[in-house]
Amino acid sequence: MKRRALVIALLLSAASTTLAIAQSDLKQPSSSDRYVPRLGDIMSAAQQQHQKLWLAATAQNWQLATYELGQLESSLAEAAMRYSGIPVSNVTTLKDPLQSVSDAIAAKDGRKFAKAYASLTEGCNSCHTSMGRSFIAIRVPTGPQPFGNQLFPPQRKP
């Protein structure tokens, strides 16, 4: 629960937060030597975690669902912290759906999970739309096939 609170706090303050590198006795690589994942890489990981979260919950593997939710939250927090062009409002609007998904998992309630997951998915698509990326539309997965949680036909503009 402490980890979830930390992730939510990171999501709320992500736009103004910069990552600090822990000090150690080891020589730190120069900033030009550090790998910085592209936003597309982070979002691809988030899409995979989104689908795995659904599959775990529908199989009632609540422990795996908890893990995948944590992974998804971490990916979203990383994207918001590394890419300042993502508006804070886009990040904070996911706070409630993420918490609802967490609550449904804790209750081991598949019906509540499905509703919360649909709300989370809608929040993801709202963010994509606000960023001029409405052509990236995700959905509740239709099965375990790769990318079963993405719509590929062009979407109508809202």
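Buried means under 20% relative accessible area, exposed means over 50%, and partly exposed lies in between (1.4 Å probe, protein chains only). This is a predicted model: local features need pLDDT of at least 70, side-chain atom pairs count only at pLDDT 80 or more, and totals for chains, interfaces and linings use all residues. Residues are numbered from 1 along each chain as its sequence is written, and side-chain values use heavy atoms, without hydrogens and water.

View 1. Helices are DSSP runs (H or I, at least four residues), numbered from the N terminus. The buried residues of α5 are Pro97, Leu98, Val101, Ser102, Ala104 and Ile105. They cover an arc of only 165 degrees around the axis, so they sit on the same side of α5. That arc is taken from the directions from the helix axis to the C-beta atoms. Asp96 and Ala106 are exposed on the other side. After α5 comes Lys108, with a positive phi near 55 degrees.

**View 2. Glu68 and Lys52.** A salt bridge puts a side-chain nitrogen of Lys or Arg within 4 Å of a carboxyl oxygen of Asp or Glu. Here the closest N and O atoms are 3.4 Å apart. Glu68 lies in helix α3 (residues 62-82) and Lys52 in helix α2 (residues 39-58), so the pair ties together parts 16 residues apart in sequence. Glu68 counts as buried because its relative accessibility is 3%. Lys52 is partly exposed, at 40%.

**View 3. Arg82 and Glu78.** Their side chains meet in a salt bridge (3.0 Å, N to O). Both residues lie in helix α3, 4 residues apart, about one turn of the helix.

Conventions. Helices (H or I, at least four residues) and strands (E, at least two) are DSSP runs, numbered from the N terminus.
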